Amino acid sequence: MKLEMREGHQGTGPGAITPDGCAVELYSRLPVGEEPDIIAAAVPPGARILELGSGVGRMTHPLLERGFTVTAVDESAEMLERVRGARTICGPIEDLDLGERFDVVLLASFLVHAGDAEVRRGLLRTCARHVAEGGHVLIQREGADYHTDLPRERVDPSGFTLRLVSSEPVGEGVNSVRAEYEFPDATWTQTFLARPLTPEQFEEALGEAGLRVDRYLTEDGIWVRAVSA
Ligand SMILES: C[S@@+](CC[C@H](N)C(=O)[O-])C[C@H]1O[C@@H](n2cnc3c(N)ncnc32)[C@H](O)[C@@H]1O
């Protein structure tokens, strides 16, 4: 079934594109960075993780290798088809209600910056609804200069160039961001809406969902461990 694009989101390039403009083929090629190590250092060994917005399993697979159990959620069936070794659930995160709780709920990939504030509230409520008592919600936020230090580019040693081309205001508190990924044989672009959040606004959003910051895991404030308030 072809899903409708989310408003303000668009993607170009070979293969299937998700409603938020991500290319399945691109995410299958992107190497994983330090994310699995940051996560593994912040949660108990062998924890049961609910991963929201897993894509093709770029983080899922290294987490499984580190001995965690993962339930991977994504609204794109084409992304989930590529996930191996995890239980998969296809659907919008904001509507998820599994009736079970997890040691860890993971909301990575800057999804907390959803352009639509109602979607963001839904995402955070899903985190709160699925975290076990004494469990942790791990969130990946944008860096402080994400929307200002533009354009910028990074040549990845694995052989592609990531260009963050622009971030233009398109509504109250919302920017339209354009990113390009250039490989020798293909180029993908993604345009998406993002709502920058100051640490205060981020913490307020957590509070609305019944969560609070337990600790910032990285000095840049990008990775956060939250708990039920
Ligand atoms: C930028 S990709 C990142 C995927 C993965 N976390 C990674 O780092 O490789 C975002 C993924 O989240 C999914 N996604 C975004 N918003 C969603 C939502 N509200 N509900 C379900 N899936 C969503 C997209 O389909 C896409 O696969």
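The buried residues of helix α2 pack against β2 (48-52), α3 (60-65), β5 (102-107), β6 (131-140) and β12 (223-228). This briefing concerns a predicted model.

**Helix α2**

- Helix α2 spans residues 35-42, and its buried residues are Glu35, Pro36, Ile38, Ile39 and Ala42.
- These residues lie on the same side of α2, because the arc they cover around the axis is only 160 degrees.

**Helix α6**

- In helix α6, which runs over residues 199-208, Phe202, Ala205 and Leu206 are buried.
- The buried residues of α6 line one face of the helix, because they fall within an arc of 100 degrees when seen down the axis.
- Glu200 and Glu204 are exposed on the other side of α6.
- The cover over the buried residues of α6 includes α5 (117-130), β6, β11 (211-216) and β12.
- Phe202, one of the buried residues of α6, has the charged end of Arg141 over its ring, 4.9 Å from the ring centre.
- Gly210 follows α6 and has a positive phi, near 80 degrees.

**Aromatic pairs**

- The structure contains four aromatic pairs.
- One of them joins Phe160 and Tyr181; the pair is tilted because the planes stand at 40 degrees, with the ring centres 6.4 Å apart.
- This pair links distant parts of the chain: Phe160 belongs to strand β8 (residues 160-171) and Tyr181 to strand β9 (residues 174-182), and the two are 21 residues apart.
- Phe160 counts as buried because its relative accessibility is 3%, under the cut-off of 20%.
- Tyr181 is likewise buried, with a relative accessible area of 11%.
- Phe183 and Trp188 form an edge-to-face pair, with 90 degrees between the planes and 5.6 Å from centre to centre.
- Phe183 is buried at 11% relative accessibility, and Trp188 is buried with a relative accessible area of 1%.
- Phe160, Tyr181, Phe183 and Trp188 are linked into a cluster by ring pairs.
- The ring of Phe183 also has a charged group over it: the charged end of Arg29 sits 4.9 Å from the ring centre.

**Ligand surroundings**

- There are 20 residues around the ligand, and those that come nearest are Gly53, Arg58, Asp74, Glu94 and Ser109.
- Asp74 has an N or O atom in its side chain 2.6 Å from an oxygen atom of the ligand.
- Glu94 places a polar side-chain atom 2.8 Å from a nitrogen atom of the ligand.

**His9**

- His9 is located in the segment before β1 (10-12).
- His9 counts as buried because its relative accessibility is 17%, and the cut-off for buried is under 20%.
- The side chain of His9 reaches the backbone oxygen of Asp20 at a distance of 3.1 Å.
- Apart from its neighbours within four places in sequence, His9 is in contact with Pro19, Asp20, Gly21, Thr191, Phe192 and Leu193.

**Thr187**

- Thr187 is part of strand β10 (residues 187-194).

**Glu78**

- Glu78 is found in helix α4 (residues 77-80).
- Glu78 is partly exposed, its relative accessible area being 39%.
- Its contacts, leaving aside neighbours within four places in sequence, are with Ala16 and Val24.
- Glu78 and Arg152 are separated by 74 residues in sequence and by 30 Å in space, C-alpha to C-alpha.

Conventions. Residues are numbered from 1 along each chain as its sequence is written. This is a predicted model: local features need pLDDT of at least 70, side-chain atom pairs count only at pLDDT 80 or more; totals for chains, interfaces and linings use all residues. Side-chain values use heavy atoms; hydrogens and water are left out. Helices (H or I, at least four residues) and strands (E, at least two) are DSSP runs, numbered from the N terminus. Buried means under 20% relative accessible area, exposed over 50%, partly exposed in between (1.4 Å probe, protein chains only). Contact means heavy atoms within 4.5 Å. The arc is that of the directions from the helix axis to the C-beta atoms. Rings of Phe, Tyr and Trp (its six-membered ring) pair if their centres lie within 6.5 Å; planes under 30 degrees apart count as stacked, over 60 as edge-to-face and the rest as tilted. A charge sits over a ring if NZ of Lys or CZ of Arg is within 6 Å of the ring centre and within 35 degrees of the ring normal. A polar contact is a pair of N or O atoms within 3.5 Å; within protein, one must be able to donate a hydrogen and the other to accept it, and residues adjacent in sequence count only if both atoms are side-chain atoms. A residue is near a molecule or strand if one of its heavy atoms lies within 4 Å of it.
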